[in-house]
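Welcome, and please have your viewer ready. We will start at the ligand and then move on to a pair of rings.

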Amino acid sequence: MQSTQQKVAIVTGASRGIGAAVAQRLARDGFGVVVNYAASASEAETLVAQITATGGRAVAIKANVASAAEVRQLFEETERQLGKVSVLVNNAGIMTVQSVLDTTDALYERMFDINVRGTFNTLREAASRMAEGGRIINFSTTALAMNLPGYATYNATKAAVESYTRVFAKELRGRNITVNAVAPGPVATELFLNGKTPEQIAHFASLPPLQRLGEPEDIAAVVSMLAGPDAGWVNGQILRANGGVA
Ligand code: NDP
């Protein structure tokens with residue numbers, strides 16, 4: 001707790017799901033946390049109130065990660081309210097399962113805008129603003145290793161995120177900043193559960209040898225590890241956290 005007390009973490013898409021668990025965990029680890037959101041203001045404010053009530057430090061900042069201007073403001077506002085950014089967690093993302101045949105131009109653009117451009121926008125800001133010794137944690141997916149029908153466009157966005165992770169880690173040479181990605185398997189959040197039948201959900205839960213869905217806290221623990229002092233030598237890696245599904 002003490003060693004990271006003054007440090008600041010931005011968690012994109014932290015109003016619910018994995019991002020909310022990451023924000024809570026990093027606040028417990030001692031970071032001042034920015035709970036970023038695009039639309040869900042009341043959920044973000046509720047989370048900030050919960051973190052503050054338990055002795056943590058957090059602020060909610062609205063920014064659509066797909067907008068370069070809003071991401072610039074997100075960093076400026078973070079610096080103004082909490083200070084220089086030490087940890088960036090690029091969690092914001094969307095998923096729609098759709099065959100290539102039925103993927104509209106609008107759906108393609110929305111997924112690439114949020115998942116890829118959103119990650120690019122924050123990395124570009126981080127390149128000039130991030131504190132020496134910082135940690136960047138991007139979000140890929142284990143779906144990329146499973147190649148299931150309907151996941152082509154979503155997987156393509158996360159393949160791009162993995163490329164940014166590996167190359168950006170090298171572009172930051174000399175700054176003592178690590179760049180890694182977490183690639184979760186199925187996690188019980190709205191993104192995964194929405195649109196699936198109970199049978200489909202039970203099927204996904206049965207796949208890993210650990211025989212359950214991931215919980216947001218499982219992934220938050222991995223992010224905490226990558227953001228913490230013991231992961232300083234892990235750089236440019238994709239860490240699958242999925243109960244052994246792939
Ligand atoms: P949820 O749908 O539960 O939450 C997504 C969060 O992202 C919300 O807080 C939402 O807030 C925010 N968000 C969406 N669009 C934007 C945007 N344009 N700008 C800023 N914030 C935005 O998703 P999960 O928690 O499940 O997913 C988190 C990450 O984990 C994603 O990158 C996802 O691809 C990845 N992942 C998830 C898996 C799973 O099974 N759940 C498996 C593998 C990877 P708001 O409502 O305010 O927009």
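A polar contact here is a pair of N or O atoms within 3.5 Å. With that in mind, select Arg16: a polar atom of its side chain lies 2.9 Å from an oxygen atom of the ligand. Next, pick Ser15, where a side-chain N or O atom is 2.7 Å from a ligand oxygen. Now show the ligand's surface: on its own it has 890 Å² of accessible area, and the protein covers 94% of that (Shrake-Rupley method, 1.4 Å probe).

A word on the model: it is predicted, with local features needing pLDDT of at least 70 and side-chain atom pairs 80 or more, while totals for chains, interfaces and linings use all residues. Residues are numbered from 1 along each chain as its sequence is written, and side-chain values use heavy atoms, without hydrogens and water.

Of its 31 residues, Ser15, Ala39, Ser40, Tyr154 and Thr189 come nearest. Colour by element (DSSP runs; helices are H or I of at least four residues, strands E of at least two): helix H1 (17-28), strand S2 (32-37), helix H6 (152-171) and helix H7 (190-193) each give two or more residues. H7 provides the largest share, 3 residues.

Finally, select Phe120 and Tyr164, a tilted aromatic pair with centres 6.1 Å apart and planes at 45° (centres within 6.5 Å; under 30 degrees is stacked, over 60 edge-to-face, the rest tilted). Phe120 sits in helix H4 (residues 105-129) and Tyr164 in helix H6, 44 residues apart.

Methods. Near = heavy atom within 4 Å. Polar contact = N/O pair within 3.5 Å; in protein donor to acceptor, adjacent residues only side chain to side chain. Phe/Tyr/Trp six-rings, centres within 6.5 Å; stacked < 30°, edge-to-face > 60°.
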